[in-house]
Amino acid sequence: GPIHVTFPAKLTMEEVERKNPLVLEGGKYRPPDCQSTHWTAVIIPHRSREIHLKYLLYYLHPFLQRQQLNYGIYIIHQAGDYTFNRAKLLNVGFKEAMKEEDWNCMFFHDVDLIPEDDRNVYTCDRYPKHASIAMDKFRYKLPYKTYFGGVSALTPDQYLKMNGFPNTYWGWGGEDDDIAVRLHLSHYVLFKPTHIHNQIQKNLSGTSTRNKLYCYRFNLLAKTRRTWKQDGMNSLEYRVLSKEYHRLFTNITVDIGTDKGLKPLR
Ligand code: NGS
């Protein structure tokens, strides 16, 4: 049923670790008393949102364990201070997670969204799934019909069929709309379950700066139909700088480069 989400001020990461004794190194879990057929990797793009991450893990670990899934949590941390690129980090997460296990479901997850109901099942379906369809900040309604931001779930096959996500959106906005167009172009019907999420207040993080607005996002969006087959999983370039197995997650720090000197797609 519903989960009452609060943000205990004194919560520490050690306490979250203590509350999750069955989680294995690197934030992985296998149900001890049954064999689950579900293998869900949760991919979280990240930079300077440690407080958000702590609250998300506090809720997410017990939530996923109650669902008796095999799961792993991957934090994909963008190195340096160049403009954040959420969708490219998600592509990196897919590639790196698949090197470790034969995951059959990827949950692409913003760090600031907490599931608010146990009936938000973190498994994949026949069709790609937009999971964060009801958020408190949008009064539990979609902001617009094709909105695909926040949390989404795809099987590896579904993800590869649409050439993954775009690598070219540097800064805030538009990459989720591009993904929605790709889904449409790959002839996927979207599945919108009744998931409910609570967004952590920006000011809780201590660093309330928003990612830089990406001013070319509308230009790129206008071209997705032509560019999606050249920009995505097949053009992904990055360098892993470190991979650490923490108690509650695997942290992969990556250099994803910049858009300086890159030729615009036509
Ligand atoms: C749209 C953005 C999306 C974004 C959505 C919700 O306008 O990337 O707002 O934003 N699209 C473009 O800018 C083209 S939110 O209210 O969560 O800040 O996800």
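Which of the 13 residues around the ligand come nearest? The legends below take this view first. The model is predicted, so local features need pLDDT of at least 70 and side-chain atom pairs count only at pLDDT 80 or more, while totals for chains, interfaces and linings use all residues. Residues are numbered from 1 along each chain as its sequence is written, and side-chain values use heavy atoms, with hydrogens and water left out.

**View 1. The shell around the ligand.** K137, G174, D176, D177 and R217 come nearest among the 13 residues around the ligand; a residue is near a molecule if one of its heavy atoms lies within 4 Å of it. By residue class, the shell divides into 6 nonpolar, 2 polar and 5 charged (Ala, Val, Leu, Ile, Met, Phe, Trp, Tyr, Cys and Pro count as nonpolar, Asp, Glu, Lys and Arg as charged, and the others, Gly among them, as polar). Two helices, α5 (175-185) and α6 (217-227), each supply at least two residues of the shell. The most is given by α6, with 3 residues. Helices (H or I, at least four residues) and strands (E, at least two) are DSSP runs numbered from the N terminus.

View 2. D176 places a polar side-chain atom 2.5 Å from an oxygen atom of the ligand. For D177, a polar side-chain atom lies 2.6 Å from a nitrogen atom of the ligand. An N or O atom in the side chain of R217 is 2.5 Å from a ligand oxygen atom. Of the 450 Å² of accessible area that the ligand has on its own, the protein covers 76% (Shrake-Rupley method, 1.4 Å probe; for residues, only the protein chains shown count as cover).

**View 3. The largest nonpolar core.** This core has 35 residues, of which L60, L64, I73, F107 and Y122 touch the most other members. Such a core is a set of buried Ala, Val, Leu, Ile, Met, Phe, Trp, Tyr and Cys residues joined through side-chain atoms within 4.5 Å. Two or more residues each come from β2 (39-46), α2 (50-66), β3 (70-78), β4 (105-109), β5 (113-115) and β8 (151-154). The largest share, 8 residues, belongs to α2.

View 4. S186 lies between α5 and β9 (196-199). This serine is buried, with a relative accessible area of 3%; buried means under 20%, exposed over 50%, and partly exposed in between (1.4 Å probe, protein chains only). Its side chain reaches the backbone oxygen of R182 at 2.6 Å.

**View 5. Two loop residues with positive phi.** S48, in the loop between β2 and α2, has phi near 55°, a positive value in a residue other than glycine. S48 is partly exposed, at 39% relative accessible area. R139 is found in the loop between β7 (134-135) and β8. Phi of R139 is near 50°, again positive in a residue other than glycine, and R139 is exposed, with a relative accessible area of 70%.

**View 6. The annotated domain spans.** An unreviewed UniProt entry annotates residues 1-125 as "domain: Galactosyltransferase N-terminal". The end C-alpha atoms of residues 1-125 lie 21 Å apart, and the span is 30% helix and 22% strand. Residues 130-195 carry the annotation "domain: Galactosyltransferase C-terminal" in UniProt (unreviewed entry). For residues 130-195, the end C-alpha atoms lie 9 Å apart, with 26% helix and 11% strand. UniProt positions are given in the numbering used here, feature names are shortened, and annotations may be inferred rather than shown by experiment.

Terms used: A polar contact is a pair of N or O atoms within 3.5 Å; within protein, one must be able to donate a hydrogen and the other to accept it, and residues adjacent in sequence count only if both atoms are side-chain atoms.
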